[in-house]
Amino acid sequence: MPTVSLDDLRSAIAAATTAAELDDLEQQLFSRKHGLLTLAMKELQEATPEEKAKKGRELNETKQSFTKLLADKRGALQRASLGSLAETEKLDVTLELPAKERGHLHLIPEFIRSVEELFGRMGFEVAEGPEVETEENNFNQLNIPAAHPARDMQDTFWLEQDGLPPGGPYVMRTQTSPVQIRYMQTHKPPLRIIAPGKVYRKDADATHSPMFHQFEGLMIGEDVSLANMKAVMITAIRELISPKAEFRFRTGFFPFVEPGLEVDMRWQGDDKESREGKWLEIVGCGMVHPNVLKNVGIDPKKFRGFAFGFGVERMIMIKHQIPDLRSFFVGDLRFLKQF
Ligand code: DAH
């Protein structure tokens with residue numbers, strides 16, 4: 001056995017720099033088999049009674065002094081390491097970081113969110129339908145049979161039947177109105193829904209794009225009137241575009257409503273010379289046609305209601321006086337960053 005004295009251990013404790021070193025020194029003193037102090041205790045058993053009493057007391061004091069020494073040193077090491085942590089992990093909360101450029105939603109989804117939020121406050125739920133729709137839902141059920149001239153107003157993208165499930169012919173939906181049909185087939189009135197989404201038509205110029213967005217609305221109940229519809233339309237225009245928005249109602253024809261109305265709004269467009277501005281149609285609406293209600297099994301004698309379809313891009317064009325609808329889709333950052 002190397003002869004380590006208690007004094008050696010005392011200075012080793014004072015010099016220790018890690019908790020592991022202290023554990024080791026503690027073992028050398030107190031381990032049950034070889035601990036220096038444990039052995040001293042054992043030796044004591046062979047001493048005379050007087051010696052036992054005297055040396056026992058001394059030994060106890062030594063043990064206590066080492067226990068305290070170890071605990072103090074442990075505490076000191078811990079405080080030192082916390083202190084250095086505070087030093088290395090120091091945060092300067094007053095430091096100003098360079099500004100980071102953040103993106104934002106595109107105008108269209110941003111506008112659709114505000115539509116959902118506004119109509120949500122008026123008790124309308126959000127409903128969805130597929131963009132590939134059956135001819136049945138997109139036209140027939142909406143009171144637009146095959147030979148109906150209203151079909152000509154919508155230059156439709158027809159899909160090849162190959163590979164598609166039976167139930168066609170299929171079209172890229174030309175309007176969000178088929179969501180009305182889907183919803184009424186699966187829900188009982190009273191009901192209030194809003195259905196935003198993409199629609200497709202073979203059209204392209206400054207106010208038309210082959211893909212654009214609409215949001216459909218439908219409210220059915222026992223005593224829903226045309227006056228209710230006008231109130232909802234006016235609220236939507238004022239809240240979504242401007243409280244001072246200029247608009248006008250006209251009669252309009254849509255096979256799935258009777259009577260039908262259209263709302264136009266003043267649009268300056270790129271024609272800065274014209275002080276009068278132009279009128280741009282932004283919404284079609286009307287009282288749901290009894291044939292449509294019958295088609296989905298709702299009794300038109302008991303229930304009635306209104307439907308409407310807003311053109312999203314056109315509303316945004318009017319809100320921000322944007323001259324060309326195609327700017328929404330070309331991804332030009334100089335345009336997008338302005339909003
Ligand atoms: N679906 C029509 C269109 O795309 C817009 C429309 C008109 C929707 C009248 C309606 C409505 O719900 O009642 O031209």
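Biologist: In which strand is the place of Pro 259?
Modeller: This is a predicted model. Pro 259 is joined to Glu 258 by a cis peptide bond. The strand that holds Pro 259 covers residues 257-267, and its name is β7.

Biologist: What is omega for the bond between Glu 258 and Pro 259?
Modeller: The bond that joins Glu 258 and Pro 259 is a cis peptide bond. Its omega is about -5 degrees.

Biologist: Where is the place of Pro 169, whose peptide bond from Gly 168 is cis?
Modeller: For the bond from Gly 168 to Pro 169, omega is near 0 degrees. Helix α6 covers 135-138 and strand β3 covers 170-172. Pro 169 belongs to the loop between α6 and β3.

Biologist: What is phi of Asn 143, a residue other than glycine?
Modeller: Asn 143 also has its place in the loop between α6 and β3. Its phi is positive, near 70 degrees.

Biologist: Which loop holds Gln 321?
Modeller: Gln 321 is not a glycine, yet its phi is positive, about 55 degrees. The helices on either side of its loop are α10 (312-320) and α11 (333-336).

Biologist: How far apart are the centres of domain 1 and domain 2?
Modeller: Domain 1 spans 6-88, and domain 2 spans 107-336. Taken over C-alpha atoms, their centres are separated by 85 Å.

Biologist: Which strands each supply at least two residues of the shell around the ligand?
Modeller: The ligand has 15 residues around it, and Gln 175, Ser 177, Arg 201, Gln 214 and Glu 216 come nearest. By class, the shell has 6 nonpolar, 7 polar and 2 charged residues. The strands asked for are β5 (211-221), β8 (278-288) and β9 (304-311).

Biologist: What is the distance from an oxygen atom of the ligand to an N or O atom in the side chain of Arg 201?
Modeller: Pairs of N or O atoms within 3.5 Å are taken as polar contacts. The side chain of Gln 214 has an N or O atom 2.8 Å from a ligand oxygen, and a backbone N or O atom of Phe 308 lies 3.2 Å from one. For the side chain of Arg 201, the distance is 2.7 Å.

Biologist: How much of the ligand's accessible area does the protein cover?
Modeller: The ligand takes the space of the largest pocket. On its own, the ligand has 360 Å² of accessible area. The part of this that the protein covers is 93%.

Terms used. Residues numbered from 1 in each chain as written. Predicted model: local features only at pLDDT ≥ 70, side-chain atom pairs only at ≥ 80, totals over all residues. Heavy atoms only, no water. Domains from an automatic or database assignment. Near = heavy atom within 4 Å. Polar contact = N/O pair within 3.5 Å; in protein donor to acceptor, adjacent residues only side chain to side chain. Areas by Shrake-Rupley, 256 points an atom, 1.4 Å probe, with all protein chains shown as cover. 1 Å grid on protein atoms, 1.4 Å probe; cavity = no way out; pocket = protein on both sides within 12 Å on 5 of 7 lines; lining within 4 Å. Sits in = over half its atoms within 2 Å of the grid points. Helix = DSSP H or I, 4+ residues; strand = E, 2+ residues; numbered from the N terminus. Nonpolar A, V, L, I, M, F, W, Y, C, P; charged D, E, K, R; others polar.
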